[in-house]
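Subject: Structure handover

Hello,

Here is the structure I promised to pass on. Please open it alongside this email.

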Amino acid sequence: MRALHPIRRLARRTGAAAFAAVVLTAGMQTAVTGAQASVRLTSTPTGTNPYSPAYHHPYRHGVVPTVARLRQMGRWTGALVSARNLMYGGGIDGIGVTTGHEKVYLVFYGSQWGTQSTNSNGDATFAGDPSGMAPYLQELLKGLGTGGERWSGVMTQYCNSVAIGSQTCPSTAPHVRYPTGGALAGVWADESTSSPFMATGHQLGVEAVNAAAHFGNTTKAANRNAQYVIVSPTGTDPDGWLQNGFCAWHDYNGDTTLSGGPVSSPYGDIAFTNLPYITDASVNCGQNFVNSGTAGLLDGVSIVEGHEYAETITDQNPAGGWTDSVGAETGDKCAWKTPGTPGGAFDLGTAHGTFAMQTTWSNLGAAGQGACQAKHSIVT
């Protein structure tokens, strides 16, 4: 894919009808903070709508647009201002947020990943992984909740089982838990068949259900705090990510709007992420967004997966968890903010290395007005 020059400020689409946290005017986009008012269009749009169903589809929760998509949105006439804080959606099947220790299962989907080996860190590596995305993801998820990192602390303010529309959580409510000791729960290379060139949402959901079976998570309780990251191999186009202008999204198997339809699960609800081979999109999905040269080649991998991880644990069955009034989730409101600016992307240090990450939305930030934060004390 031809590399494009990076643009640092990105808009997000999330939820069933979300236009999140940006001002869009002809030829311009400006990230905004929670101090602004609710969403509003101040002029009549003209031209081709960049939020067409191809990009702005209900099942693509927490979707991160590419730089090319951002440029298109920048040409869209109209002004759009985000809502302020996140609100609880009431849960779906009783599930709003992840309340136990986070269990993230990486699923490397398809025979294209090639011969598997193990490196000195105990990570699975693959001959068909030219950028080294697989071991990088494993070290990222192993490192969450280690080394005193407090990026994960931001998410612990959100909870389950409060009134619909609540913006705060009492101490008695079950909160998102801090992932002490790491979030990685398992790795599976499913090379039983090739990954489809353009997997549908349904096919990705089926793979997530298959992964639950593979890992022995065959009860509703076993999947209550689990998420399955379906990582497609290089050269594939899961859900048409390259032409539809996004980098990743998350959902759960029961979503009736999934392309190809919902997925039946005998193991309870299954949360999963569509994570393409991020480096195939180069700077369009975050390469060198925080770090220059070779140190930043995988920046987009940790930024995008961190975005989807944070949104899954705070909105596990979308949109029953925490979203703002236009559907934006905790990662969407802070996506692709320029490093070095307030709420900008940064390097997160853990016991397993340093990883480029974005900030996430904190209702407790700015004295309750809300803000994008890189860290927060653990809320219990």
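Predicted model: local features only at pLDDT ≥ 70, side-chain atom pairs only at ≥ 80, totals over all residues.

Residues are numbered from 1 along each chain as its sequence is written, and side-chain values use heavy atoms, with hydrogens and water left out.

Overall picture. The protein has 6 helices and 15 strands (DSSP runs numbered from the N terminus; helices are H or I, at least four residues, and strands E, at least two). Of its 380 residues, 60% are buried (under 20% relative accessible area, 1.4 Å probe, protein chains only).

Helix pair. The axes of helix 2 (residues 133–143) and helix 6 come within 10 Å and cross at roughly 50° (axes are lines fitted to C-alpha atoms over the stretch in contact; angles run from 0 to 180 degrees between N-to-C directions). Helix 2 is therefore oblique to helix 6 (oblique is what remains after under 35 degrees, roughly parallel, over 145, roughly antiparallel, and 65 to 115, roughly perpendicular). Helix 2 supplies M133, Y136, L137, L140 and L141 to the contact, and helix 6 supplies V301, S302 and E305 (contact means heavy atoms within 4.5 Å).

Histidine. H307 sits in helix 6 (residues 299–314). H307 is buried, at a relative accessible area of 0%. Its side chain makes polar contacts with those of E311, at 3.1 Å, and D332, at 3.2 Å (N or O atoms within 3.5 Å, one able to donate a hydrogen and the other to accept it; residues adjacent in sequence count only if both atoms are side-chain atoms).

Best wishes

Note on methods: Buried < 20%, exposed > 50% of the residue type's maximum accessible area, 1.4 Å probe, protein only.
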